[in-house]
Amino acid sequence: MRNEVCAEIAGRRVVLMDSISLIGEADVGSIIICGSHGGTISGAFAASQPPRFVIFNDAGGGKSGAGRAAFALLDAKGIACATVSHESARIGDAEDVWLNGVISAAGDAAKTAGVRIGASVRAAVETLAGEAPTKHD
């Protein structure tokens, strides 16, 4: 399973992890791009080592919005979070999320920071990190 730094944007590490269960102490304050669904258990893993921003896969929404159930917990802790559409990136493949993901939903902390539905993952990360999105996004 992948767990690697793929970039540094505005002084923050951008970490690809195929599963949010791979999050560790070194990831506190980082931007996490993961392949996991945004369910409750994923939110608990992310909250255990609080990143600055975490992006999940919406898993098609799931029953009663289960694909983004992590938002409530993470927003309550001030952790920005978002999901990408399962139609834009494969579940379980962080690199595909980074390269091809399109934001499908965002938590309140991410929205407040300027993350927008329909943005590419790169644009969302740059926005949250305080950089202007690149022209191709």
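The model is predicted, with local features needing pLDDT of at least 70 and side-chain atom pairs counting only at pLDDT 80 or more, while totals for chains, interfaces and linings use all residues. Residues are numbered from 1 along each chain as its sequence is written, and side-chain values use heavy atoms, with hydrogens and water left out.

**Ser88**

- Ser88 is found in the loop that lies between β5 (80–84) and α3 (94–100), where helices (H or I, at least four residues) and strands (E, at least two) are DSSP runs numbered from the N terminus.
- With a relative accessible area of 18%, Ser88 is buried (under 20% relative accessible area, with exposed over 50% and partly exposed in between, using a 1.4 Å probe and protein chains only).
- A polar atom of the Ser88 side chain lies 2.8 Å from the backbone oxygen of Ser85, and the side chain of Ser88 also reaches the backbone nitrogen of Val102, at 3.0 Å.
- Apart from neighbours within four places in sequence, Ser88 is in contact with Asp96, Asn100, Gly101 and Val102 (contact means heavy atoms within 4.5 Å).

**Strand β3**

- Strand β3 (residues 31–37) is largely enclosed by the rest of the structure, because 6 of its 7 residues are buried.
- Strand β2 (residues 12–17) runs parallel to β3 and is joined to it by 4 bridges (two strands pair if DSSP finds at least two bridges between them), with Val15 opposite Ile32 in β3.
- Strand β4 (residues 53–57) is likewise parallel to β3 and joined to it by 4 bridges, and here Ile33 stands opposite Ile55 in β4.

Definitions and conventions: A polar contact is a pair of N or O atoms within 3.5 Å; within protein, one must be able to donate a hydrogen and the other to accept it, and residues adjacent in sequence count only if both atoms are side-chain atoms.
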